[in-house]
Amino acid sequence: MSRLPSTEVLRYTAFSADPDGGNPAGVVLDASGLDDAAMLSVAAELGYSESAFLTASDGRGGHTIRYFSPKAEVPFCGHATVATAIALAERDGPGDLTFATAAGTVPVTVTRDGDELRATLTSVEPQVFDIGPDDLAEALAALDWPATDLDPALPPRIAYAGARHLVLAAATRERLADLDYDFARLEALMHRLDLTTLQLVSRESESVFHVRDPFPVGGVVEDPATGAAAAAFGAYTRELGLVPDDAVLTLHQGADMGRPGTLTVELRPDDTRIRVSGTGTRIG
């Protein structure tokens with residue numbers, strides 16, 4: 001990039017093997033010479049929902065990583081983690097990595113299947129919280145969703161697996177597809193509740209969901225494929241007993257934006273953490 005000619009900024013997409021699908025992220029594999037303002041400048045110039053910056057490496061698969069949206073630093077970003085892991089695997093080969101994030105330690109394993117690389121991240125310890133009726137009403141008003149359009153089988157909650165996301169379930173796929181929200185109003189609520197995105201979902205079957213993620217606090221209308229929200233959603237489904245303890249969920253995201261991607265969410269009965277996996281590829 002012209003502002004920082006000594007900094008190599010890579011572009012990858014996560015949760016799709018197609019450069020035109022999934023969620024694009026900027027990746028800087030050596031950001032040791034960048035301060036906060038420079039990292040934010042790179043993220044803003046790229047304009048992707050998030051970009052990832054490796055600021056230190058121990059030489060044994062351990063890295064310190066930071067994430068910036070075009071507007072601010074965020075504690076954890078799943079798709080940029082996957083993108084960074086795949087970029088490292090292309091450079092160094094598949095294997096195990098450990099990312100030190102502001103939210104905690106996130107192990108990642110990258111495997112190769114034919115020509116495709118697949119990254120699996122393991123979340124920090126998740127949590128699920130209730131949302132107050134006034135805050136829920138404000139979220140629905142900002143979305144212009146009547147309460148009757150919610151799926152009563154999937155009650156609203158705030159879920160965390162590295163970042164906080166409000167989970168709202170639409171009763172129909174058509175409701176989910178019709179997204180036209182009040183950007184400023186939703187942004188204000190999300191700042192007050194310390195939310196990174198809204199995880200809007202529609203259930204197709206026991207283990208298949210369609211999801212969308214408004215992201216006004218990051219300066220973008222919608223995130224095309226959201227690994228952190230997928231991990232939080234996995235915790236949500238387990239906390240509410242919506243799926244078995246050993247479930248594997250498929251989340252389809254981005255189709256309504258013209259960037260389809262697929263996220264796989266794995267729950268294990270012997271581990272409360274959530275695993276999120278997907279493919280990825282370099283853009284350009």
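In this predicted model, Phe-233 and Tyr-236 are both buried, where buried means under 20% relative accessible area, exposed over 50% and partly exposed in between, with a 1.4 Å probe and protein chains only. Residues are numbered from 1 along each chain as its sequence is written, and side-chain values use heavy atoms, with hydrogens and water left out. Because the model is predicted, local features need pLDDT of at least 70 and side-chain atom pairs count only at pLDDT 80 or more, whereas totals for chains, interfaces and linings use all residues.

**Aromatic pairs**

- The whole structure holds 5 aromatic pairs, a pair being rings of Phe, Tyr or Trp (its six-membered ring) with centres within 6.5 Å, called stacked if the planes are under 30 degrees apart, edge-to-face if over 60 and tilted for the rest.
- One of them joins Phe-209 and Phe-233 edge-to-face, at 4.9 Å centre to centre and with 80° between the planes.
- This pair links distant parts of the chain, 24 residues apart, with Phe-209 in strand S13 (residues 208-215) and Phe-233 in helix H6 (residues 227-239); helices (H or I, at least four residues) and strands (E, at least two) are DSSP runs numbered from the N terminus.
- Phe-209 has a relative accessible area of 1%, and Phe-233 has 0%.

- Phe-209, Phe-233 and Tyr-236 form one aromatic cluster.
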